[in-house]
Amino acid sequence: MSGQCLILDNGAYALKVGFSKDQDPCCIPNCVTRSKSERRRNFIGDQLEECKDLSGLFYLLPFQKGYLVNWDTQRQVWEYVFKDLFNIRPSETSLIFTEPVFNFPSIQDTLNEILFEGFQFSSILISNATTLSAAYQLNMKPECPCCLVVDTGYSFTHIVPYYQGRMLLEGIRRIDIGGKLMTNHLKEIVSYRQLHVLDETFVMNQVKEDLCYVTQDLYKDMDIAKIKGPANSIMREYVLPDFTTVRKGFVCEPGSSKSGSDEQSLRLTNERFTVPEILFHPSDIGVDQMGIAEAIVDSIEGTPKAMHPHLYNNILLTGGNACFSGFRDRLFQDVRKLSPDIYDLNVTLPSQPIDVAWRGGKARWENNVGQDYMEFVSLGEYKEYGHSLCHKQFRENQTWRGTKESGD
């Protein structure tokens, strides 16, 4: 393997990318964007910051429903990252790359071809983001053999149990709720109640990130949200950007925006907490699935019983939705109600939940965490053995093969 390693957490919403020697990754939007005011130019990744008018943006997304399907768009983003941002020579660089849980074989094969034959990296390790997150946790807590990774991202929420860094397939659970669905839901209810914003995905995503939070007591907050006047401590006003005088929206207290000004604003009350509540009760919007707390308990119940106390004692939260204020406390509260009292419960929320997988890749490269089951494939090996070796190294060797009854 070469001495230089680039770590790329290829998320559906954003790329977290950087060299193994870097302290922090760069976070780059994983999209190609077009603006109605600058129709002749495509904005790739973070070039969006150069766009003057961010209203009514048109997105070209590589991912649909959590899987990489638009290869032309993805290659544009990768070429921009590899050549313009990091100026690497792939033939002299090793790559640690992430893919979704239960990725389709056809997508995996195309991925191998593009990275090996197209870019020609010297060696590659492809892993699930949750596996790298588990490697990060194993590096932080080597005394804990088991880890339950809760990755709540843009398209899905995955709950994945690990033993010694290896995935336990029988315990994996997926909820079809992610940041994209919550942003779309917020757009719909605001458009119905106040102002048409169905075309303003970028702006409403900012509104969600700035204003939404996870309630600790739904019915109490719902009662407060019904109150009119200053006694309503939940109500907030959000001044929308006009991209001339106001480039980024901001939060203000109700009634504090300038009267007589041309500023447009939204007034949010129960929307602030009912949108993230979808993660805990998907049936609120007609999704017939378990909430995240129930899915965590069900995931652990699907693993060998000897692992249960260790998994409850080492739950790791990752992904953009984990950044919601109150998310960790509410999840702890709900899981505690459903889990056996004899087990200790420990839920860890890193300071930066978004880049945990990248830091796991960094730990893997620096400290050889899980060296026995996470191995690189070189360009020469790929040319000789092809997809079969990639499948064995990247997928089969990352899976724990035990039985539900066994404890080791």
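Helix α5 (residues 201-211) has V203, M204, N205, Q206, V207, K208 and L211 as its buried residues, where buried means under 20% relative accessible area, exposed over 50% and partly exposed in between (1.4 Å probe, protein chains only). This is a predicted model, in which local features need pLDDT of at least 70, side-chain atom pairs count only at pLDDT 80 or more, and totals for chains, interfaces and linings use all residues. Residues are numbered from 1 along each chain as its sequence is written, and side-chain values use heavy atoms, with hydrogens and water left out. Helices (H or I, at least four residues) and strands (E, at least two) are DSSP runs, numbered from the N terminus.

- β15 and β16 run antiparallel and are joined by three bridges; Y238 has V251 in β16 as its bridge partner.
- Axes are lines fitted to C-alpha atoms, for helices over the stretch in contact, and angles run from 0 to 180 degrees between N-to-C directions.

**The buried strand β11 and its partners**

- Seven of the seven residues of β11 (residues 146-152) are buried, so this strand is largely enclosed by the rest of the structure.
- In a regular strand the side chains alternate between the two faces of the sheet.
- In β11, C146, L148, V150 and T152 point one way, while C147, V149 and D151 point the other way.
- β11 pairs with β12 (residues 157-163) in the antiparallel sense over seven bridges. The two strands form a hairpin with four residues between them, and V149 has V160 in β12 as its bridge partner.
- β11 also pairs with β18, here in the parallel sense over four bridges. L148 stands opposite I315 in β18, and D151 has T318 in β18 as its bridge partner.
- Strand β18 (residues 315-318) sends I315 and L317 one way and L316 and T318 the other way, and all are buried.
- β18 pairs in the parallel sense with β19 (residues 347-348) over two bridges; the partner of L316 in β19 is T348.

**Two helix pairs**

- α3 (residues 129-140) and α11 (residues 356-367) pack at an angle of about 60 degrees, with their axes 7 Å apart.
- The α3 and α11 crossing is left-handed; a crossing is left-handed if the near helix is turned anticlockwise from the far one by less than a right angle, and right-handed if clockwise.
- From α3, the residues in this contact are A129, L132, S133, A135, Y136 and N139, and from α11 they are V356, A357, R359, G360, G361, A363 and N367.
- These contact residues divide into seven nonpolar, five polar and one charged. Ala, Val, Leu, Ile, Met, Phe, Trp, Tyr, Cys and Pro count as nonpolar, Asp, Glu, Lys and Arg as charged, and the others, Gly among them, as polar.
- α8 (residues 292-301) and α10 (residues 327-338) pack at an angle of about 55 degrees, with their axes 9 Å apart.
- α8 and α10 are therefore oblique to each other: angles under 35 degrees count as roughly parallel, over 145 as roughly antiparallel, 65 to 115 as roughly perpendicular and the rest as oblique.
- The crossing of α8 and α10 is right-handed.
- I292, A293, E294, I296 and V297 of α8 meet F327, L331, D334, V335 and L338 of α10, and the contact divides into eight nonpolar, no polar and two charged residues.

**Two residues to look up**

- N112 sits in helix α2 (residues 105-118) and is buried, with a relative accessible area of 1%.
- Leaving aside neighbours within four places in sequence, N112 contacts E117, I126, Y382, H387, C390, F394 and R395.
- K52 lies in the loop between β5 (38-44) and β6 (58-60) and counts as exposed, at 63% relative accessibility.
- Not counting residues up to four places away in sequence, K52 touches E38, F243 and R247.
- K52 and M167 are 115 residues apart along the chain, and their C-alpha atoms are separated by 45 Å.

Terms used:
Contact = heavy atoms within 4.5 Å. Pairing = 2+ DSSP bridges.
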